[in-house]
Protein chains: 2
Amino acid sequence: MQSRTPAGRTGRPRSAAADTAILAATRAALVELGWSKLTLGDVATRAGVAKTTIYRRWAGKNELVVDAVAELFDELELPDSGTLAADIEGVVLQFAAILARPEARSGLMSVVAESIRDDALRERIRASIVQRQKRLVLEGRCRAERRGELPPEPNAEEAARTVDLIFDIVAGAVVHRTLVSAEPVDAEWARSFTQVLLLGLAGTADDARAAQAPRGPRT
Amino acid sequence: MQSRTPAGRTGRPRSAAADTAILAATRAALVELGWSKLTLGDVATRAGVAKTTIYRRWAGKNELVVDAVAELFDELELPDSGTLAADIEGVVLQFAAILARPEARSGLMSVVAESIRDDALRERIRASIVQRQKRLVLEGRCRAERRGELPPEPNAEEAARTVDLIFDIVAGAVVHRTLVSAEPVDAEWARSFTQVLLLGLAGTADDARAAQAPRGPRT
DNA sequence: GCCATTACGCTACGACTCGTAGCGAAAGCT
DNA sequence: AGCTTTCGCTACGAGTCGTAGCGTAATGGC
């Protein structure tokens, strides 16, 4: 978050209710208007606060939208499905479910676009969204190694690069499929994607499917 | 493009020079100002045309930027490098080189974000950028099958799905790496990515590298 | 060569948003 | 109490938007 009441200070504390109301109003405005037509005056009206109150807490539209969108991604979890393939599919489908919500779609892409010319904004996005969700990749890899599905990586630096690579592939593919190709990320797509990610293009032949863990019902 | 002079009409034809001047001015403005601070009045001044001339040809900022950015992607080519891996690396590096240009970065992401709430705009992007570049995937796969690096896909519908999947993975990963993670797509990253794409995560162990075509100098 | 037609540059306009400033009132802490 | 900070409200200049109207320039048809 950005607006903790300065701890040891005196005076009237900032209303926490206003914070949540503003962020919720921002998401609602994103749904109805999209990023470009969203105005801070409109958000203020929806939230039932004065426009000046928003400007006292956030530097501008970009920072506000980042905070409003970041909250959406905290609900991501990595269910232990028993196999690496099922774990990946689960996360992909969860991620896709979030991106299916219009407030996430229009908000996320727009602030990323703005961050290209604003280093502080990019760092804010990295800290509050991207870096936080890499935990999923880390945990998934850790489980897979314990199960023997992936060879352990002794080199720490190399391991970090691999985590970044996987994150870019997974997040990038889901985002591209959802927002650019505008096609749904359904169970079938998630299965095909996972197959390529695990076995490579050469492994997408039909006979290769059996080589992976037998994919029964999700028990 | 969008503004061909209506062929059989009478009257003064539209200046083709103005078209190119406007698109070039748009890219220049994207570099200096980014998308959100780009104004059509400014573009008009840079291009040496009247603001009303731009409004006569494009419906608004979004459509103009799409056309200005689309031209950048037409220079993509698929060099025949001899192996599928080298072909993929080549395209990845070319794509990354385009995304390294600031006019592509800020422009592309912003219009994609806007397209979420504008179906006509999304279709314009699909037609003038996405669909056009899928030729690269098609040709790469075709070559790989001729070389025997990939099994031929008899089912046409399944093949189309695979092309879409690969395109989402490649383009998504490069875009995410470049614009979200804000890390460079260099030769090393391209190599690692290609390895995962071809062999899967399980194939990233060191000994697996020799299993693929021996990667000598790019001969 | 003349005329109808269309594009162009220019100016001006109302409507809207931006971000800030100033005010009195409210809500805490000591 | 008294002090401090936040809050809601109003008002403001600056800037952008998209459009309309004008006179002029460049074509094709006759």
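Visitor: Which residue lies over the face of B:Trp35?

Guide: In this predicted model, B:Lys61 does, at 4.2 Å from the ring centre. Chain A has a case of this kind too: the charged end of A:Lys61 sits over the ring of A:Trp35, 4.2 Å from its centre.

Visitor: How do I read a pair of aromatic rings?

Guide: You describe it by two things, the distance of the centres and the angle of the planes. Searching the whole structure over all chains turns up five aromatic pairs. Take A:Trp35 and B:Trp35: their ring centres are 6.3 Å apart and their planes lie at 50°, so this pair is tilted.

Visitor: Where do A:Trp35 and B:Trp35 lie?

Guide: A:Trp35 is in the loop between α1 (16-33) and α2 (40-47) of chain A, and B:Trp35 is in the loop between α1 (16-33) and α2 (40-47) of chain B, so the pair joins two chains.

Visitor: Is A:Trp35 buried or exposed? And what about B:Trp35, buried or exposed?

Guide: A:Trp35 is buried, at a relative accessible area of 6%. B:Trp35 is buried as well, at 7%.

Visitor: What about the rings of B:Phe73 and B:Phe95?

Guide: Read them by centres and planes again. The centres are 6.1 Å apart and the planes are at 55°, so B:Phe73 and B:Phe95 make a tilted pair. B:Phe73 lies in the loop between α4 (61-70) and α5 (84-99) of chain B, while B:Phe95 belongs to helix α5 of chain B, so the pair ties together parts 22 residues apart in sequence. B:Phe73 counts as buried at 3% relative accessibility, and B:Phe95 is buried with a relative accessible area of 12%.

Visitor: Now the interface. How many residues of chain B are in contact with chain A?

Guide: 48 residues of chain B, and they touch 48 residues of chain A. Between them the two chains bury about 4,200 Å², with 67% of it on carbon and sulfur atoms. B:Arg117, B:Asp168 and B:Leu201 supply 16% of the area chain B buries against chain A, more than any other three residues.

Visitor: How many salt bridges are there between chain B and chain A?

Guide: Two. One of them is formed by A:Arg161 with B:Glu188, where the closest N and O atoms are 3.4 Å apart. For polar contacts across this interface, the count is 16 residue pairs.

Visitor: Which elements give two or more residues to the side of chain B that touches chain A?

Guide: Those are α1, α6 (102-115), α7 (119-147), α8 (156-180) and α9 (187-199) of chain B. α8(B) gives the most, with 13 residues.

Terms used: Residues are numbered from 1 along each chain as its sequence is written. Chains are lettered from A and ligands numbered from 1 in the order in which they are written. This is a predicted model: local features need pLDDT of at least 70, side-chain atom pairs count only at pLDDT 80 or more; totals for chains, interfaces and linings use all residues. Side-chain values use heavy atoms; hydrogens and water are left out. Rings of Phe, Tyr and Trp (its six-membered ring) pair if their centres lie within 6.5 Å; planes under 30 degrees apart count as stacked, over 60 as edge-to-face and the rest as tilted. Helices (H or I, at least four residues) and strands (E, at least two) are DSSP runs, numbered from the N terminus. Buried means under 20% relative accessible area, exposed over 50%, partly exposed in between (1.4 Å probe, protein chains only). A charge sits over a ring if NZ of Lys or CZ of Arg is within 6 Å of the ring centre and within 35 degrees of the ring normal. Contact means heavy atoms within 4.5 Å. Buried area is the accessible area (1.4 Å probe) that two parts lose on being put together, summed over both. A salt bridge is a side-chain nitrogen of Lys or Arg within 4 Å of a carboxyl oxygen of Asp or Glu. A polar contact is a pair of N or O atoms within 3.5 Å; within protein, one must be able to donate a hydrogen and the other to accept it, and residues adjacent in sequence count only if both atoms are side-chain atoms.
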